[in-house]
Amino acid sequence: MPPPADIVKVAIEWPGAFPKLMEIDQKKPLSAIIKEVCEGWSLGNHENFALQIADPTNFYITEKNRNDIKNGSILRLTTSPYQTAVQLHERIQSSSMDAKLEALKDLANASRDITFAQEFINLDGISLLTQMVESGTERYQKLQKIMKPCFGDLLSFTLTAFVELMDHGIVSWDTFSVAFIKKIASYVNKSAMDTAVLQRSLAILESMVLNSQDLYHKVAQEITIGQLIPHLQGTDQDIQTYTIAVINALFLKAPEEKRQEMAHILAQKQLRSIILSNVIRSPTPINDEMAHQLYVLQVLTFNLLEDRMMTKMDPQDQAQRDIIFELRRIAFDVECEPNNSGSIEKRKSMYTRDYKKLGFINHVNPAVDFTQIPPGMLALDNMLYFARHHQDAYIRIVLENSSREDKHECPFGRSSIELTKMLCEILKVGELPSENCHDFHPMFFTHDRSFEEFFCISIQLLNKTWKEMRATSEDFNKVMQVVREQIMRALTLKPNSLDQFKSRLQNLSYTEILKIRQSERMNQEDFQSRPILELREKIQPEIMELIKQQRLNRLCEGTCFRKISSRRRQDKFWYCRLSPNHKVLHYGDLEESPQGEVPHDSLQEKLPVAEIKAVITGKDCPHMKEKGALKQNKEVLELAFTILYESDEYLNFIAPDKHEYCVWTDGLNALLGKEMTSDYTKSDMDTLLSMEMKLRLLDLENIQIPEAPPPIPKEPSNYDFVYDCN
């Protein structure tokens, strides 16, 4: 008889019969178990049957996932994936509209299971669905007029089934015809289309563009920005999200030479102001997926600056030199002198004097200053924009500094070049968007030239900070560090407009930055004397035990994890938490993200802590070794961990964020008696240790602590001072 670990007690349902309680031997072939179940109900042809999980997912039990069956699971005997696929393949071709609609609805639900999907695809099911889509509109033109809801549902379930099947990554996107692409594009281009159909169509177009360069060109020919814009002007945030996702995909896959052209079209169609009015300033709160798509659009827009950022100035190019002449003309209100006015030496001397006042490093030929990349020509573009669009502020800064003593003047030219480079670093110009980032800034959607305006505000801040610090040329790098800190702190507050950003900067003066730094320094002060280090070592185990208890308490509260698929927006959730006695992990699937804790009794699966062998992280996890572009994403790899337990089974996790990843890996290592090594533990240790040290040393403020302990005094000549209690 096999050991109890290989025996699972389950209930099995069959329509029209009482459920059976059975003990399943996990070492027996699945086909033998199904045969035994069928014989119990006198059912022949057991090869035409299969077992499913009796929950809303209806996933088939296979040799690969049979270890997921736990004691107390409820299973359902049903037709095999192949038989179901054959039946649905026939049913969706029915001439009856009602029968066809019901079959497509069943297909959309069944396609979520990869076992069924493989069988349906083997029957050339994808081709059948694409044919139905290509011919559907013409075939049901008359029906659409008299049975519009029915037609919309037919198409919606057809596209849903298609998306679910493609989501498994079994079929390549390159296999689809131009006719199919045209048909999907036509649903997007229509002004009045069923919401579900429109949503699925946009999702299909996005996947096509992202997964195939060849399909990008075909989709780009069928879809224009002008046709997508109306979908942003509605109130359905899901449709708006999918629309921006398609725009981002087209932007991302466009050849470099076409991106500027596409950006020009986006500007002409007023995409920015439409997004600002209908999305960012909409009464509906922005969800995570919309925030991600806005972040991607923001990154792709700023990446258009990369070409200018990496272009060196040609000192011999007269057109580029004319821009520098224009900066001089605006600042000093001088006209270009005719060639016969004064000697060449006199004019050169006058230019050199003015270029020095403008703050260039090379006074003779300032064009040389712009040969550094980054920021290249982008710095000169910013300076010219500032001079033309904020002329009063530009003239004030230049003249104000040219009249100061040399040692206290703020060099406008050098400052502008270094500031442009800094802003490009802050906004990560030239880097591809991150997969899981939601960090978009509403203020960049409030102006068509947001980067230039960002520069204009920042250069005025730099000049103000320079005066507040009473800086000299030797302090240039110190000033730039303070300005960077001011900008970063203001951006963290996510201002809604450039004016609000400017207002936040006004509150972050140099004096305020010094106060903040002093406060942070006090909180992070590092004591290095020997007595203090010894005290730290003594306290450290107590703090580590405190951190361990906090981690275990967090595991007892539990966390909702997301099952990531290649289609981001259709999230599936599961919850895991530790029992209060720290002996069992309870987990189970959820229909939606929970509000608060999920009770233990609603989580059907259990894993005894005693059975856990090890915790694996990163690329060594089994679910990170699977194929798929998303699985290889660096950020997802950094959030992945796996619990290995007895019989070489495993439970896979992808944490919602770095914080939860650290909490769970620390907590699991603590349960296994291993060291907690996460960055979060190190940070907590530093914070708590610093606080404890400060509390213990509170009475020693302003007292010098000696490096060495005081010497032990000599023994007294007598002990008469000792009082004998006896």
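Two strands count as paired if DSSP finds at least two bridges between them. Keep that rule at hand for these exercises on a predicted model.

**Exercise 1. Which strands pair with β6, and in what sense?**

*Solution.* Start by locating β6, which covers residues 572–578. Next, look at strand β5 (residues 559–563): β5 and β6 share 5 bridges in the antiparallel sense. Since at least two bridges are needed, this therefore counts as a pair.

**Exercise 2. Is β6 mostly covered or mostly exposed?**

*Solution.* Apply the cut-off for buried, under 20% relative accessible area. Of the 7 residues in β6, 6 are buried, and the strand is mostly covered.

**Exercise 3. Describe how helix α8 (residues 178–189) packs with helix α10 (residues 213–222).**

*Solution.* Begin with the axes: they come within 9 Å and cross at roughly 40°. That angle is why α8 is oblique to α10. As for handedness, the crossing is right-handed. Finally, list the residues that meet: Val178, Ile181, Lys182, Ala185 and Asn189 from α8, with Leu215, Lys218, Val219 and Glu222 from α10. Sorted by class, this contact has 5 nonpolar, 1 polar and 3 charged residues.

Conventions:
Residues are numbered from 1 along each chain as its sequence is written. This is a predicted model: local features need pLDDT of at least 70, side-chain atom pairs count only at pLDDT 80 or more; totals for chains, interfaces and linings use all residues. Side-chain values use heavy atoms; hydrogens and water are left out. Buried means under 20% relative accessible area, exposed over 50%, partly exposed in between (1.4 Å probe, protein chains only). Helices (H or I, at least four residues) and strands (E, at least two) are DSSP runs, numbered from the N terminus. Axes are lines fitted to C-alpha atoms, for helices over the stretch in contact, and angles run from 0 to 180 degrees between N-to-C directions. Angles under 35 degrees count as roughly parallel, over 145 as roughly antiparallel, 65 to 115 as roughly perpendicular and the rest as oblique. A crossing is left-handed if the near helix is turned anticlockwise from the far one by less than a right angle, and right-handed if clockwise. Contact means heavy atoms within 4.5 Å. Ala, Val, Leu, Ile, Met, Phe, Trp, Tyr, Cys and Pro count as nonpolar, Asp, Glu, Lys and Arg as charged, and the others, Gly among them, as polar.
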